[in-house]
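Please open the model in your viewer and display it as a cartoon. The stops below proceed from the whole chain to single side chains.

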Amino acid sequence: MRGEDGRIDATHALLAAAALHAGFQAVVTAVVYPALVATPARDWTAVHAAHSRRITRVVAVVYGSVVAAWGWALATLPLSPWLGVALAGSVLTGAATAFSAAPTHARLGRLGPRPELLARLVRADAVRLAGAVLTLGGAAGALG
């Protein structure tokens, strides 16, 4: 994962951050949210609070890596079609998080496991996974 001069370059850093994010998002989609949705109502408050505490640290690292890689990429690389695809994926993921998943988690924390809120969270998560995979594909394409 090094450029021609032997150093890691912005494209490779973006690819690494995108791969980290896509892997994280796949685990959330396939493991974390199904377990959260299956939580019995009597245990919801404690389980959701623990989930929120634990995942916040991981989200900070993963999303921070993606933002840092994008900062480097946008500052040093010309915007190619592949980078445009990757950027669209990151914007999609960020928007789904900011405008749907995060507010839905807040409501779930206040109101408990309402079926409509859990369904909204799962839909937002599917959008985030699609965005993360799109970002990864665009970043991989940018290497070619």
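Helices (H or I, at least four residues) and strands (E, at least two) are DSSP runs, numbered from the N terminus. The model is predicted: local features need pLDDT of at least 70, side-chain atom pairs count only at pLDDT 80 or more, and totals for chains, interfaces and linings use all residues. Residues are numbered from 1 along each chain as its sequence is written, and side-chain values use heavy atoms, with hydrogens and water left out.

**The whole chain**

Select everything. The chain holds 4 helices and 0 strands, in the order α-α-α-α from the N terminus. Along the principal axes, its C-alpha atoms fill a box of roughly 60 × 25 × 20 Å. Of the contacts (heavy atoms within 4.5 Å) with a separation of 6 or more, 74% join residues 24 or more positions apart. Of the 144 residues, 37% count as buried; buried means under 20% relative accessible area, exposed over 50%, and partly exposed in between (1.4 Å probe, protein chains only).

**The annotated spans**

Next, select residues 12-37, 58-75 and 81-102, which an unreviewed UniProt entry labels "transmembrane region". UniProt positions are given in the numbering used here, feature names are shortened, and annotations may be inferred rather than shown by experiment. Residues 58-75 are 100% helix and 0% strand, with their end C-alpha atoms 26 Å apart. For residues 81-102, also 100% helix and 0% strand, the corresponding distance is 30 Å.

**Helix 2**

Now show the side chains of the buried residues of helix 2, among them Trp44, His48, His51, Ile55, Tyr63 and Trp70. Their cover includes helix 1 (10-37), helix 3 (81-111) and helix 4 (115-143).

**Histidine 12**

Finally, centre on histidine 12, in helix 1. Is histidine 12 buried or exposed? Histidine 12 counts as buried because its relative accessibility is 14%. Its side chain makes a polar contact with the side chain of aspartate 9 at 2.6 Å. A polar contact is a pair of N or O atoms within 3.5 Å; within protein, one must be able to donate a hydrogen and the other to accept it, and residues adjacent in sequence count only if both atoms are side-chain atoms.
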